[in-house]
Amino acid sequence: MLLPLSYRLRFTKKLGAVVGCTDAYGSTTGLSKSMQLMEKTEIRFIFLWQPHWFPSDLAIDVSWGVGVGLGLTPCLCPRRNRAEGKVLETVGMFEAPKQHGKYETGQLFLHSVFGYRGIVLFPWQARLYDRDVTSPVQDKSENAAGHGSKEVKGKTHTYYQVLIDARDCPHISQRSQTEAVTFLANHDDSRALYAIPGLDYVSHEDILPYSSTDQVPIQHELFERFLIYDQTKVPPFVARDTLCAWQEKNHPWLELSDVHRETTDNIRVTVIPFYMGMREAQNSHVYWWRYCIRLENLDNEVVQLRERHWRIFSLSGTLETVRGRGVVGREPVLSKEQPAFQYSSHVSLQASSGHMWGTFRFEKPDGSHFDVRIPPFSLESNKDEKTPPSGLHW
């Protein structure tokens, strides 16, 4: 079956199922499930498309001609002749995902959930508190605190600081914010926050590595400032001194330390909090945090986020309740074709630490509702760093 206003990449019968589908708005389906056999295949080419070239009456199929060198032949099947040009674009060659060890600085990848092209800057080692996994031995010294929640032992998990290809940002903005990494602005700046566009955190299992012969394969204003091409290296993109200096100077505000995850009725919620710093306001200290949330539908049933309900506890003794429609002005639909949504928001307290927890209310196609738990997570300040960044340090 051809998908309307879309394209499909299909493996041979021997290798499995669909690689991925992208609708006319540029949203990419979840690739993680369909790509799980990638490490066992020899299909190595990635094809992406340019949505503004896409004619409404064009259906595209891809046939694989396997021969010497595994040559692949994309076949466009227009219903009538078009002169707009190509729709599929060769990007590079897939590599086997790493089951052990970390990806190096300069590793090119395709995001398995949101489909964008990116490159690894450096890794972070986080503590993952997964409430879907029960541990026979509880170690309270490593437990993430929570209110009315079971205690969960954390385990080490690798995330990566990455750059997103600017060409892909407009096509993923409805499913994942591309300006989600924010910082406190200078004291004399009229803005409260500023963002670095195209900067993201990616879990190890979301990386689909590939290689490219292009010396500038990622379009991002920081790419050539942070990385330099060296054909003698693998991967052939190595860190410049500016990247090392930037990481060192901004480490307290970039570091990812704790990740919290919980699944309710096949909706998985992942939360990553970040301490942003402290500001003085009206003779008091105000502490700021950013938190990134990903919602994933692990089932085939379509659901829509309708409401959020937060409980925010401060060490000063206050307990705040926040209710509202949707998140960041949206009420995303999670379906089999588009199973995930990711966003970032902020919270401030007049205390150096606190906790947050709550629920998201979802609606099913029949109009019924159900609540999904947000895993409780701590808001901890970095006492070793009293002054947040006063601009982008190089």
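## Aromatic contacts, charge pairs and a helix kink

The structure holds 17 aromatic pairs, where rings of Phe, Tyr and Trp (its six-membered ring) pair if their centres lie within 6.5 Å; planes under 30 degrees apart count as stacked, over 60 as edge-to-face and the rest as tilted. This is a predicted model, in which local features need pLDDT of at least 70 and side-chain atom pairs count only at pLDDT 80 or more, while totals for chains, interfaces and linings use all residues. Residues are numbered from 1 along each chain as its sequence is written, and side-chain values use heavy atoms, with hydrogens and water left out.

Ring pairs join F122, W124, F226 and W246 into a cluster. Helix α3 spans residues 241-254 and has a kink of about 45° at E248, shortly before the proline P252. The bend at a residue is the angle between axes fitted to the seven residues ending there and the seven starting there. Helices (H or I, at least four residues) and strands (E, at least two) are DSSP runs, numbered from the N terminus.

Aromatic rings also meet charged groups. The charged end of R290 sits over the ring of F274, 4.3 Å from its centre, and K364 lies over the face of F370, at 5.4 Å from the ring centre. The criterion is NZ of Lys or CZ of Arg within 6 Å of the ring centre and within 35 degrees of the ring normal.

A search of the whole structure finds twelve salt bridges, each a side-chain nitrogen of Lys or Arg within 4 Å of a carboxyl oxygen of Asp or Glu. Three of them are tabulated here.

| Salt bridge | N to O distance |
|---|---|
| D130 and R261 | 3.7 Å |
| R306 and E331 | 2.6 Å |
| R325 and E331 | 3.3 Å |

D130 counts as buried at 10% relative accessibility, and R261 is buried at 11%.

E331 has salt bridges with R306 and with R325. E331 is partly exposed, at 26% relative accessibility, whereas R325 is exposed, with a relative accessible area of 51%. Elsewhere, salt bridges link D206, R268, R294 and E296 in a network.

Conventions. Buried < 20%, exposed > 50% of the residue type's maximum accessible area, 1.4 Å probe, protein only.
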